[in-house]
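I opened my notebook to look up how this chain is put together. Here are my entries, in the order I made them.

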Amino acid sequence: MIRIVIAEDQRILRGALGTLLDFEKDIEVIGQAENGEMALQLVQSLQPDICLLDIEMPVKSGLEVADELQKNGSACKVIILTTFARPGYFERAMKAKVHGYLLKDGSIDELSAAIRKVMAGGREFAPELIMNTYHSDNPLTDREIEVLQLSVDGKTSKEIGEELFLSAGTVRNYMSEILQKVGAKNKIEAIGICREKGWI
């Protein structure tokens with residue numbers, strides 16, 4: 001039997017995934033977590049073969065969990081399930097050496113096949129995610145680059161707004177859009193990602 005832990009913060013989706021995977025003759029769901037911290041604890045205590053991780057979860061994100069499992073030398077293989085086809089996320093998942101990265105809108109048959117492939121030593125990545133990475137030109141608009149560049153200099157939203165003739169609220173909206181586009185949790189991380197890629 002392939003022993004699975006599911007980490008997903010949406011209870012209905014988590015329950016549905018667990019029920020559907022339990023119907024597979026060779027797969028057993030041995031634990032379910034509603035946040036990243038709980039996922040780590042379950043992996044450590046139950047020692048599953050595979051952990052299915054959502055990216056955006058409370059306490060710790062799926063990417064943070066994958067990072068920690070890799071650093072701790074865990075034998076548990078990680079498959080990321082996401083609704084986000086963002087280059088920044090995919091690249092972070094690759095750095096964490098995940099075994100699979102799939103979009104949530106796939107069928108349960110595709111997911112089960114991916115689980116078996118990963119268990120056999122293979123890897124499984126959604127083609128859309130790979131294509132998105134190869135076309136990861138700078139996703140930021142000129143104005144977003146300006147806002148981020150000024151925040152690199154330590155300016156507040158109010159100061160950036162005064163310099164660009166925008167309201168502080170509009171600057172915050174731009175910053176929120178930037179974080180979403182590059183897959184960052186905060187301004188510092190966004191600056192780091194954009195510098196690494198040569199976008200600013």
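**Entry 1: a term to settle.** I need a definition before I start. A crossover is right-handed if, with the strands pointing away from the viewer, the path from the first strand over the helix to the second runs clockwise. I also note that this is a predicted model.

**Entry 2: the crossover.** I applied the term to E3, helix H3 (residues 62-71) and E4. Together they make a right-handed β-α-β unit.

**Entry 3: the sheet.** Which order do the strands take in the sheet? I read E2-E1-E3-E4-E5-E6, an open sheet of 6 strands with parallel pairing. Then I looked for the edges. They are strand E2 (27-33) and strand E6 (124-125), and each pairs on one side only.

Entry 4: Next I checked helix H2 (residues 36-46). H2 lies across E1, E2 and E3 and runs at about 135° to E2.

**Entry 5: pairing, strand by strand.** I counted bridges. E1 and E3 are parallel and share 4 bridges. Here Val5 stands opposite Cys51 in E3. E3 and E4 are also parallel, with 5 bridges. The bridge partner of Asp54 is Leu81 in E4. Strand E5 (residues 100-103) runs parallel to E6, joined by 2 bridges. Gly100 has Glu124 in E6 as a bridge partner.

**Entry 6: strand E3.** Is E3 enclosed or open to the outside? I found that 5 of the 5 residues of E3 are buried, so this strand is largely enclosed by the rest of the structure. Then I checked where the side chains go. In a regular strand they alternate between the two faces of the sheet. Ile50, Leu52 and Asp54 point one way from E3. Cys51 and Leu53 point the other way.

**Entry 7: the nonpolar cores.** The largest nonpolar core has 24 residues. Those with the most contacts inside this core are Leu53, Val78, Ile80, Val98 and Tyr101. E1, H2, E3, H3, E4 and helix H4 (87-95) each supply at least two residues. Leu53 touches Ala7, Ala39, Gly62, Val65, Ala66, Val78, Ile79, Ile80 and Leu81.

**Entry 8: cysteines.** How many disulfides are there? The count comes to 0. The sulfurs of Cys51 and Cys76 are 5.2 Å apart. Cys51 is buried, with a relative accessible area of 0%. Cys76 has 8% relative accessibility and also counts as buried.

**Entry 9: His99.** My last stop was the loop between H4 and E5, where His99 lies. Is His99 buried or exposed? At 17% relative accessibility, His99 counts as buried, because the cut-off is under 20%. I set aside neighbours within four places in sequence and listed the contacts. His99 is in contact with Lys77, Val78, Val118, Gly122, Arg123, Glu124 and Phe125.

Methods
Residues are numbered from 1 along each chain as its sequence is written. This is a predicted model: local features need pLDDT of at least 70, side-chain atom pairs count only at pLDDT 80 or more; totals for chains, interfaces and linings use all residues. Side-chain values use heavy atoms; hydrogens and water are left out. Two strands pair if DSSP finds at least two bridges between them. Contact means heavy atoms within 4.5 Å. Axes are lines fitted to C-alpha atoms, for helices over the stretch in contact, and angles run from 0 to 180 degrees between N-to-C directions. Buried means under 20% relative accessible area, exposed over 50%, partly exposed in between (1.4 Å probe, protein chains only). A nonpolar core is a set of buried Ala, Val, Leu, Ile, Met, Phe, Trp, Tyr and Cys residues joined through side-chain atoms within 4.5 Å. A disulfide is a pair of cysteine sulfur atoms within 2.5 Å.
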